[in-house]
Amino acid sequence: MTFSPTVIFVVIFCVQSLAAMLQNGFMVAVLGREWVRSQALPAGDMIVAWLAASRVCLHGLAILNNFLNFMFGSKNYYFGTLWDFTNTVTCWLTAWLAVFYCVKISSFSHPVFFWMKWRISRSVPRLLLGSLILGGLSAISTATGNTITFQMMTCENCTFNYRVKKFFQYYHRCHAILMSGTPFFLFLLSIILLMFSLYWHLQQMRHHRSRPHDHNTQAHTTALKSLAFFLIFYTSYVLFLSISTAHVITIYSSWRWAWEVITYIGISLHSTILMLSSPKMRRALKMKFSSLCVAGS
């Protein structure tokens, strides 16, 4: 029995998305339990918890949306709108996490950075709420554009329908650039600032002949490894969204599914890095493995 490359990539996409949902669900359970137990959560862990929850929804909606598109050959706008809401929230939460790392770890002496260091932890709840509001605006924009387009395409004028289709593509392209490109710019800017901060810190250490490995350098390096690794997949993810809105490749193209597998694996690996870099997560994983070993024996 032979399988086409498209079917193989579809199976891989579904399997790795389900695994990512389990992984992010575990992160939500660990951080949520600590949040309920202590009635408080550090600002960074709060962003990670919300990001993990949004990624559970993102992977689940991606499976449903792509499966319906693949099986029925037409876009399901209901799930598409929900996916757009979740995708926008996830993009903004990823950007806020990068900004949080940048502000907390960077060694810049500018007064603006000192003010941001003092304010960033208190501002996290507002940033999370802002992400939900931006996601809601994105979903409203998508639903409005789809509704207007459907109503306008009921006209039997072929020339008018062609113009409506072009407007629809242009509208969604601008929408994707605004809602996904803006947080991507913040993410990229945070990485660049962290790189400059690390360079400046290493120069200061060399000038004062400090220890070759200190906590600040390690914090810079750890954050940059996580963010720089995800930057590669985040870039491909934004490019994929732009190509999808331009309708360059169809739902049946094996290249489309191969690209989706790569980008969503990148999101899953970034969640893995976040999980393994957190002491709370490592302790929870050790306890989970220990309980499984005891139950197995």
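Of the 297 residues in the protein chain, 43% are buried, where buried means under 20% relative accessible area, exposed means over 50%, and partly exposed is in between (1.4 Å probe, protein chains only). What you see is a predicted model, in which local features need pLDDT of at least 70 and side-chain atom pairs count only at pLDDT 80 or more, while totals for chains, interfaces and linings use all residues. Residues are numbered from 1 along each chain as its sequence is written, and side-chain values use heavy atoms, with hydrogens and water left out.

Let's start with the overall fold. The protein chain has eight helices and zero strands; here helices (H or I, at least four residues) and strands (E, at least two) are DSSP runs, numbered from the N terminus. Now look at contacts, meaning heavy atoms within 4.5 Å. Among contacts in the protein chain with a separation of 6 or more, 77% are between residues 24 or more positions apart.

Next, step inside. A nonpolar core is a set of buried Ala, Val, Leu, Ile, Met, Phe, Trp, Tyr and Cys residues joined through side-chain atoms within 4.5 Å. The largest one here has 39 residues, and those with the most contacts inside it include Met-27, Leu-97 and Phe-187. Each of the helices H1, H2 (43–72), H3 (77–105), H4, H5 (158–208), H6 (215–246), H7 (254–276) and H8 (279–296) supplies at least two residues of this core. H3 gives the largest share, 13 residues. A second, separate core of eleven residues includes Val-10, Phe-13, Ile-63 and Val-261. In soluble globular proteins, nonpolar side chains tend to be buried together. Returning to Leu-97, and setting aside its neighbours within four places in sequence, we find it in contact with Gly-44, Ile-47, Val-48, Leu-51 and Leu-274.

Polar residues can be followed too. Asn-24 sits in helix H1 (residues 5–38) and counts as buried because its relative accessibility is 1%. Its side chain makes a polar contact with the side chain of Ser-271 (3.1 Å). A polar contact is a pair of N or O atoms within 3.5 Å; within protein, one must be able to donate a hydrogen and the other to accept it, and residues adjacent in sequence count only if both atoms are side-chain atoms.

What about charges? The structure holds one salt bridge, a term for a side-chain nitrogen of Lys or Arg within 4 Å of a carboxyl oxygen of Asp or Glu. The side chains of Lys-280 and Asp-45 form it (2.6 Å, N to O). Because Lys-280 lies in helix H8 and Asp-45 in helix H2, the pair ties together parts that are 235 residues apart in sequence. Lys-280 is partly exposed, at 22% relative accessible area, whereas Asp-45 is buried, at 14%.

Leu-129, Leu-132, Ile-133, Leu-137 and Ile-140 make a nonpolar surface patch of about 460 Å². Patches are made of residues with over 30% relative accessible area and no salt bridge, with like charges joined within 9 Å and nonpolar side chains (Val, Leu, Ile, Met, Phe, Trp, Tyr) within 5 Å. Accessible areas come from the Shrake-Rupley method with a 1.4 Å probe, and for residues only the protein chains shown count as cover. Leu-137 is in helix H4 (residues 111–152) and is partly exposed, at 47% relative accessibility.
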